[in-house]
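I opened a new page for this entry.

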Amino acid sequence: MPAKDAAKQTQPEQLLAAIDDPSRFLSSDDITDRLVKKDPALLLIDVRPSEQFKSFSIPGSVNIPVDSLFTQASMEMLNQNAKDKVFYSNTDVTSDQAWILCKRIGMQRIYVLQGGVNNWFASVVKAVKPLETGSEKDMELYQFRLAACQYFYGSPDMAITSNTAPEKKKVTIIRKAPAHSSGGGC
Amino acid sequence: MDELNKTNRLTIIVIAFVLVIIVGLITFRRPDVKYVLTPAESLALLNNPEFVITPEQASAILKDSAGKTVFIDVRNSMAFDRNHVKNAINIPVRELFSKKNKNVLRDLEKAGQTIILYGETQQQANGPWLMLRQTGFKNVLLFTGTFAQLDTSHPDSLTRILPQLSETPLIDTAALKLVSSPAATAKNMSEPAKPVKKAVIPVKKTKSSGGGC
């Protein structure tokens, strides 16, 4: 291993301490909130195989399958300090593995979506209405999730009265080519 | 007399000084944990079924108890005391690289034992597994289920029917295509199949590609 590479790396003991620290996990609602607000600093990265990414992904995410994590194209996308990189997979196992390896090579501003896309789908897209006796906060959270879901997918059970909803839906299913660098600029 | 006292004091000071230096050297040269695999080599470990163990395989090992396998529980000591796999060793995540635990792990490796790491969920054991693998332990397997699936004191628990691999997509994508395309649902009454296909054609829009001025 080259010496300069070794110096930049997070040492095993520090990395273990980082692993033990749950602050890298972001919740589904956190992510949804930032997506709806179109946070420019958010970069969602799907580390699942590309077939799974194609069949379903969180709107606005890019696909970097975990085996191509260290390719040059991926590294160009990941090695930018201006963005919060959030890894997700079906649960949070593979995404966390990707996080650990990226943390090891000294990457900054990286996070993991807690519960992965399975949990995101179950809690946001398939949001369950709280009981009548539930707190106001629960109700607010539910309303937020419903609104977010409409924002992403339009409303399936209501007649389409406004023509903006389907348009938005179309935007969300764009698939970005994984190799495409979102950087660029002048 | 006075002079003798002085030399005595001097020797004591010198001895104390040397002792401090020796202690400093010992703590400084504490053997560090070092990476054996490069990041790229570590990446190759992921998604390899050879390095993980499913709940099914684990319960077979538990019944067999051949003595070639050791379970290591990475949960905290409170959870461990409440209940754990028979003969498991408790090494909480944070204490993985403590001197005592390193010795335990090295002894197990020398004895040719296979180590199975488990936590409350696979996610919890994931980090320690990857750390041990990266630092050169070749006999460590990751349990892909939850502790509840190993818990023999509740054998008929519902957790048995959980997926064997935790990284299983649970989303019904076929149903989702209907949800994600209101146009398709509207047309669905007359033509059920075709509109769905139409709906998945990616719409090209320049907005999201970013970059540019």
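How many helices and strands does chain A have? I noted that this is a predicted model, where local features need pLDDT of at least 70, side-chain atom pairs count only at pLDDT 80 or more, and totals for chains, interfaces and linings use all residues. Residues are numbered from 1 along each chain as its sequence is written, while chains are lettered from A and ligands numbered from 1 in the order in which they are written.

I found nine helices and five strands in chain A. Both are DSSP runs numbered from the N terminus, helices being H or I with at least four residues and strands E with at least two. From the N terminus the order reads α-α-β-α-β-α-β-α-β-α-β-α-α-α.

Next I looked at a helix pair. H6(A) covers residues 94-104 and H6(B) residues 122-134; the two pack at about 35° with axes 10 Å apart. Axes here are lines fitted to C-alpha atoms over the stretch in contact, and angles run from 0 to 180 degrees between N-to-C directions. I listed Asp96(A), Gln97(A) and Ile100(A) as meeting Gln123(B), Asn126(B), Gly127(B) and Leu130(B). Contact means C-beta atoms, placed from the backbone, within 7 Å.

Last I checked Ile110(A), which sits in strand E5, residues 110-113.

Conventions. Contact = placed C-beta atoms within 7 Å.
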